[in-house]
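Reader: I have a model open and want to learn how to read it. Please show me how to go from a general idea to a particular case.

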Amino acid sequence: MELSSDCMTQDPYQILLIEDDSATATMVENYLGSSTMSPLAARLPVQTTAVSNLAEAVEVCQDREFAIVLLDLFLSEIQGIDTLIKARTIFPDQSIIAYSQSEDEHLVIQAFQHGADGYLRLKNLDSYLLYYELLSVLERNIYRRKSENQRNLASQQKEYHDLETLISSTTSVTARMFGSDTIKDSFPELFEELKQSYGELLELALDQRAFRIDHNLSGRLRNLADRLGFMKASPRDIIEIHTTTLKEKNHNINVVKSQAYAVEGRLIVLELMGYLAGFYRKYYVSLNNLNISSRISPRLPSKDSS
């Protein structure tokens, strides 16, 4: 298993035990304690925190994160599969290994149907079986995260490819009208400055969403669009700024932040394009009005009319 390669050098996995019977709690903690003789113990360092009910579990989880929850299905406050259902609503993304004294096979099936990641019977429980179940769940979590990361990476690469295809295949209306090349080709130093400004707006977008702080992002994007408009920029220029910025920011960061950049980036690039389109509409309306006015010359009174 993959966990065996680096477990000895990492911090222990945090295990939350929800058990209201003191004898059972002590037994499970002993199985997971330093005195255990399980050969799997060396491969999986753990630290156990025990609580007696779900309310205490919620309180403990306010300040700490747990790799796995060990849940007794028959607590004094709630019984059977309802225990797991309630726990799953409290911990929607948490790995939960349920256990009980029950011999009911239907309960095992129900447990997996309602989101249990593993199931143990106390009658058969020993240190080896407990560690094996923990290792199995952790390995599945690692595999699931890797699969999700690969899907996200593939999606991100496809998005980059689609944007770059759009750049290469789109004939820029504004470039045709103004007879200009892209900003990146014509003014690379200016392109770097615009990319930095866009990157700062992307960071503000993340900050605004995470901390509910109003950074007047729309106003800043409108100002950037006006600046791009005066430079006779095209949608292609915006896509190049967006794509290059995302690629640089996604270098050596975790998948969660990479996804956050991608989501916020999609929103602000569309908003920026909208403001640039608005700038050109306003510009050409004014220009057309000016052209119309210049064609209408004032009629001077003739000498005969005097």
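Reader: Is Val 60 buried, partly exposed or exposed?

Author: First, the ground rules. This is a predicted model, where local features need pLDDT of at least 70, side-chain atom pairs count only at pLDDT 80 or more, and totals for chains, interfaces and linings use all residues. Residues are numbered from 1 along each chain as its sequence is written, and side-chain values use heavy atoms, with hydrogens and water left out. Now the terms: buried means under 20% relative accessible area, exposed means over 50%, and partly exposed lies in between (1.4 Å probe, protein chains only). Val 60 has a relative accessible area of 22%, so it is partly exposed.

Reader: Where does Val 60 sit, and which residues is it in contact with?

Author: Val 60 belongs to helix H2, residues 54-60. Helices (H or I, at least four residues) and strands (E, at least two) are DSSP runs, numbered from the N terminus. Contact means heavy atoms within 4.5 Å. Leaving aside neighbours within four places in sequence, Val 60 touches Thr 49, Val 51 and Phe 66.

Reader: Which residues of helix H4 are buried, and which are exposed?

Author: Start with the idea. An α-helix has 3.6 residues a turn, so residues three or four places apart point the same way. In H4 (residues 105-113), Leu 107, Val 108 and Ala 111 are buried. They cover an arc of only 105° around the axis, which puts them on the same side of H4. That arc is taken from the directions from the helix axis to the C-beta atoms. Glu 105 and Gln 113 are exposed on the other side. The cover over the buried residues includes helix H3 (81-90), strand E4 (95-100) and strand E5 (118-121).

Reader: How do helices H8 and H10 cross?

Author: Two packed helices are described by the angle between their axes and the distance between the axes. Axes are lines fitted to C-alpha atoms, for helices over the stretch in contact, and angles run from 0 to 180 degrees between N-to-C directions. The axes of H8 (residues 188-211) and H10 (residues 235-249) come within 9 Å and cross at roughly 65°. H8 and H10 are therefore roughly perpendicular (65 to 115 degrees).

Reader: What is the whole protein made of?

Author: The protein has 11 helices and five strands. Of its 306 residues, 41% are buried.

Key
Parallel < 35°, antiparallel > 145°, perpendicular 65-115°, else oblique.
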